[in-house]
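User: I am new to this protein. Please walk me through its structure.

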Amino acid sequence: MGRPFNRRQAKENDAFLAALRRTGNAREAARSLGLNRTTMIRRRNCDAALAAEWDAALALAHANLNAAEPALMAILFALASQGPFWMF
């Protein structure tokens, strides 16, 4: 384990984890905050608590995606059953 995160890094970690919970994608979460994914992966590799929170954030994002999938499929089916449509 490396040295503790400073305040800025801790805030970045918290923001990254929140973005990761929303997106389920580490690259997109880092990009949305102007951070480099590699930086976050290095932090994860050096800190077991951050790694555990990262895993939990991914699990939550995937659970939310799976919960939303049936509703999304119903919407797509309803649109498709209306026949072809074009947007000009």
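Predicted model: local features only at pLDDT ≥ 70, side-chain atom pairs only at ≥ 80, totals over all residues.

User: How many helices and strands does the protein have?

Analyst: Helices (H or I, at least four residues) and strands (E, at least two) are DSSP runs, numbered from the N terminus. Along the sequence the pattern reads α-α-α-α. The count is 4 helices and 0 strands.

User: What share of the residues is buried?

Analyst: Buried means under 20% relative accessible area, exposed over 50%, and partly exposed in between (1.4 Å probe, protein chains only). The protein has 88 residues, and the buried share is 22%.

User: Is the aromatic pair of F16 and W54 stacked, edge-to-face or tilted?

Analyst: Rings of Phe, Tyr and Trp (its six-membered ring) pair if their centres lie within 6.5 Å; planes under 30 degrees apart count as stacked, over 60 as edge-to-face and the rest as tilted. The count by this rule is 1 aromatic pair. The centres of F16 and W54 are 4.8 Å apart and their planes meet at 55°, so the pair is tilted.

User: Which helices does that pair of F16 and W54 tie together?

Analyst: Both F16 and W54 are buried. They are 38 residues apart in sequence, so the pair ties together separate parts of the chain: helix α1 for F16 and helix α4 for W54.

User: Which residues does A26 contact, leaving aside its neighbours within four places in sequence?

Analyst: A26 lies in helix α2. Its relative accessible area is 17%, so A26 is buried. Contact means heavy atoms within 4.5 Å. By that rule A26 touches F16, L20, R37 and W54.

User: Which residues form a network of salt bridges with E12?

Analyst: A salt bridge is a side-chain nitrogen of Lys or Arg within 4 Å of a carboxyl oxygen of Asp or Glu. E12 meets R8 in one (2.8 Å, N to O), and E12 forms another with R43, the closest N and O atoms being 2.7 Å apart. E12 is in helix α1 and R43 in helix α3 (residues 37-46), 31 residues apart. The residues linked with E12 are R8 and R43.

User: Is R43 buried or exposed?

Analyst: E12, the partner of R43 in a salt bridge, has a relative accessible area of 18% and is buried. For R43 the relative accessibility is 10%, so R43 counts as buried.

User: Which helices are linked by the salt bridge of R44 and D55?

Analyst: The side chains of R44 and D55 meet at 2.8 Å, N to O. R44 is partly exposed at 22%, and D55 is partly exposed at 41%.

Conventions: Residues numbered from 1 in each chain as written. Heavy atoms only, no water.
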